[in-house]
Amino acid sequence: MSDPMLREKKLLKIVLRILEERSQDRNSIVRQMVVRGLGNIVDGAPVKVKKHKKFLLDILIKALNDTSSSEVIGESMKALAKVLKELKEKDIGSSFKDLTQQIQTYFDDEDDALRSMAFVLFGILAQLTKKKWKAYFAKQVRKSWVTLLLHLQDPIPKVSMRLQNVINKHLGGTDELKPEELQVDICRHLAKENAELLENLYSTTITYFSCSWEEIRAVAANLAGIILEHTDTQRMKWLDLKHLLMSLQVLEKDPSPTVQLVATEILSDIYSGGVLEE
């Protein structure tokens, strides 16, 4: 698929027809090789990518749903990353919605490679978004922003670094992104400008207290503490302090010493700060 002879019109047509047929093969290794081959068209016949964009996107997006093989899904993500770089927003068409939604389902996936590639693909879509899908993509970012904030400190360094690079590139930064500083800046901004989004940030954050990854539990607890620290409690009418205290007390008994320490520090800050009396 990387061979330049693929650019010959008749040959490419025959090859694509064969790959389409084998994309439904019972053997997952064959399906994996199909999506890898489709991604390699970028190397063999880059000028043909736009012409066959719908064909490519349809098969690759469908492969993201291959629940019987994480290898097929991972291969599809890699192929999509190559194909999308050859396209513009208008080329993706209605596939943009399906693609964006499918990618987000892997943000919390237990497979490190899938999680990592999902963040990379989301970053590529962010760069592609100009006019038509700008409002829609912004809405999807709002739905996933807490997940993105937490995974900036993903338990797997490679995953966290990839996401940090994606976000830093989107923000136009040149210095190394510092996750906790970004969290503090966001909380300060929302406390002044958008109480509704701050409430959303808080309510979604505490759902991660029961996450299977101890590192994410610790980051979520820490983020909840940052929200409390940088918000006037008089304006936090939505805060169920009793529920928060109970949740933090549970985390104090967490199997992870790191989580225990974070929970204890936040409880100490709450009591010493006089939040309870208010």
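**Close-up views of a predicted model**

**View 1. Cys 187 is a buried residue.** Cys 187 counts as buried because its relative accessibility is 0%, where buried means under 20% relative accessible area, exposed over 50% and partly exposed in between (1.4 Å probe, protein chains only). This is a predicted model, in which local features need pLDDT of at least 70, side-chain atom pairs count only at pLDDT 80 or more, and totals for chains, interfaces and linings use all residues. Residues are numbered from 1 along each chain as its sequence is written, and side-chain values use heavy atoms, with hydrogens and water left out.

**View 2. The structure holds zero disulfides.** Cys 187 is in no disulfide, and the nearest cysteine sulfur, that of Cys 211, is 19 Å away. A disulfide is a pair of cysteine sulfur atoms within 2.5 Å, so the sulfur of Cys 211 is too far from that of Cys 187 for a bond. Cys 211 is also buried, with a relative accessible area of 13%.

**View 3. Leu 223 lies in helix H12 (residues 214-229).** Helices (H or I, at least four residues) and strands (E, at least two) are DSSP runs, numbered from the N terminus. Leu 223 is buried, at 0% relative accessible area. Beyond its neighbours within four places in sequence, Leu 223 is in contact (heavy atoms within 4.5 Å) with Leu 150, Gln 183, Cys 187, Leu 201 and Thr 205. Leu 223 and Tyr 202 stand 21 residues apart in sequence and 8.3 Å apart in space, C-alpha to C-alpha.

**View 4. Gln 140 lies in helix H8 (residues 134-151).** Gln 140 is buried, with a relative accessible area of 4%. Apart from neighbours within four places in sequence, Gln 140 is in contact with Thr 100, Gln 101 and Gln 104.
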